[in-house]
Amino acid sequence: VNQFKKDRLNEAPYFIFIGALNPRKNLQRIFPAFDRLDSDHKLLVVGEKMHWDLEIEAAFDKMERKDQVIFSGRLEKQMLNLLLAGADGLIFPSLFEGFGIPIIEAFNAGTAVITSDITSMPEIAEDAALLVNPQNTNSIYNAIHSLAHDVELRENLVQKGYAQAKKFSWDASAEKLWNIMLKTIES
C-alpha cells in the first residue's frame, strides 16, 4: 500500500469520498467546499447514486471545477483499497453514521481523514482526523485546504490513524467481548 503511494507521486493528487451518494453523506456541502480548493487535486467519488437528490445535483451543477470530480461508481475491494491508499485524504463529513467504517479503512490504508464532529465519528477518529462541522461548508473547505497544502499535517494524521485503527481490530474486539463474557460469568 505505501509503495502504491510512492508510485503515484507523478500523478495528479486527489481526495476520495466513499459511500452511497445520498443526502446523509453530505455531498451537497462537499462539492462547494472542494470547488473552492486552489490546487490541482481531483475528487474521486466512490459509490452508487442511491438517492441522488435535487440538492446534491444543484451543488454539483454549480461547481466550476466539475471536471476535477471523478465518479467511479462502486469498486471491488482491492481496487478501492489501492485508491484509498493513494489519496491525500478521505473526505467523510457525513451528517450521521452509526459507525463510520470508511474512517477505519482510511486509517489502515495510511490515508489522512476529514470527518464530522458529530454522532459516532469523533469517537471513532479521536485526534487522528480533522473533525469538521458537517453543516458548515467553510469548515469542510478549511480541512480540505489544510490537507492539500500541509504535508506534515497529513503525515501526522496518518501516524495517528495507524494507532487509532488498532483499537478497532478483530483481535481488540474479540478481547473486549471475552472480557464482557468473563465479567458476566463472575456476576
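Visitor: In what order do the six strands of the open sheet stand, and what is the pairing?

Guide: In this predicted model, the order across the open sheet is β3-β2-β1-β4-β5-β6, and the pairing of the six strands is parallel.

Visitor: What makes β3 and β6 the edge strands?

Guide: Strand β3, residues 69-73, pairs on one side only, and β6 does likewise, which is what an edge strand is here. From one strand to the next, the twist averages 25 degrees.

Visitor: How do you know that β4 and β5 pair?

Guide: Pairing asks for at least two bridges between two strands, and three bridges join β4, residues 89-92, to β5, residues 113-116, with the two strands running parallel. Within this pair, I91 stands opposite I114 of β5.

Visitor: And how do you know that β5 pairs with β6?

Guide: The cut-off is again at least two bridges, and β5 is joined to β6, residues 130-132, by three bridges, the strands being parallel. Among the facing residues, T115 stands opposite L131 of β6, while S116 has V132 of β6 as its bridge partner.

Visitor: Which elements make a right-handed β-α-β unit?

Guide: The unit is made by β4, α5 and β5.

Visitor: Why are α4 and α5 called roughly perpendicular?

Guide: Helix α4, residues 77-86, and helix α5, residues 101-109, pack at an angle of about 65 degrees, with 9 Å between their axes. Angles of 65 to 115 degrees count as roughly perpendicular, and the two helices are therefore described in that way. Their crossing is right-handed.

Visitor: Which residues of α4 and α5 meet, and how do they divide by class?

Guide: From α4 come K77, L84 and A85, and they meet E105, A106 and A109 of α5. The residues of this contact divide into four nonpolar, no polar and two charged.

Visitor: Which residues meet where α2 packs against α7, and how many of them are nonpolar?

Guide: R29, P32, A33 and F34 of α2 meet T137, I140, Y141 and I144 of α7. Six residues of this contact are nonpolar, one is polar and one is charged.

Visitor: Coming back to the sheet, in what order do its strands stand, and which of them does α4 touch?

Guide: The order is β3-β2-β1-β4-β5-β6. Helix α4 packs on this sheet by touching β1 (14-18), β2 (42-46) and β4, and the direction of α4 makes about 135 degrees with that of β1.

Note on methods:
Residues numbered from 1 in each chain as written. Predicted model: local features only at pLDDT ≥ 70, side-chain atom pairs only at ≥ 80, totals over all residues. Heavy atoms only, no water. Axes fitted to C-alpha atoms, helices over the stretch in contact; angles between N-to-C directions. Helix = DSSP H or I, 4+ residues; strand = E, 2+ residues; numbered from the N terminus. Parallel < 35°, antiparallel > 145°, perpendicular 65-115°, else oblique. Left-handed = near helix turned anticlockwise from the far one by under 90°. Contact = heavy atoms within 4.5 Å. Nonpolar A, V, L, I, M, F, W, Y, C, P; charged D, E, K, R; others polar. Right-handed = clockwise from strand over helix to strand, strands pointing away.
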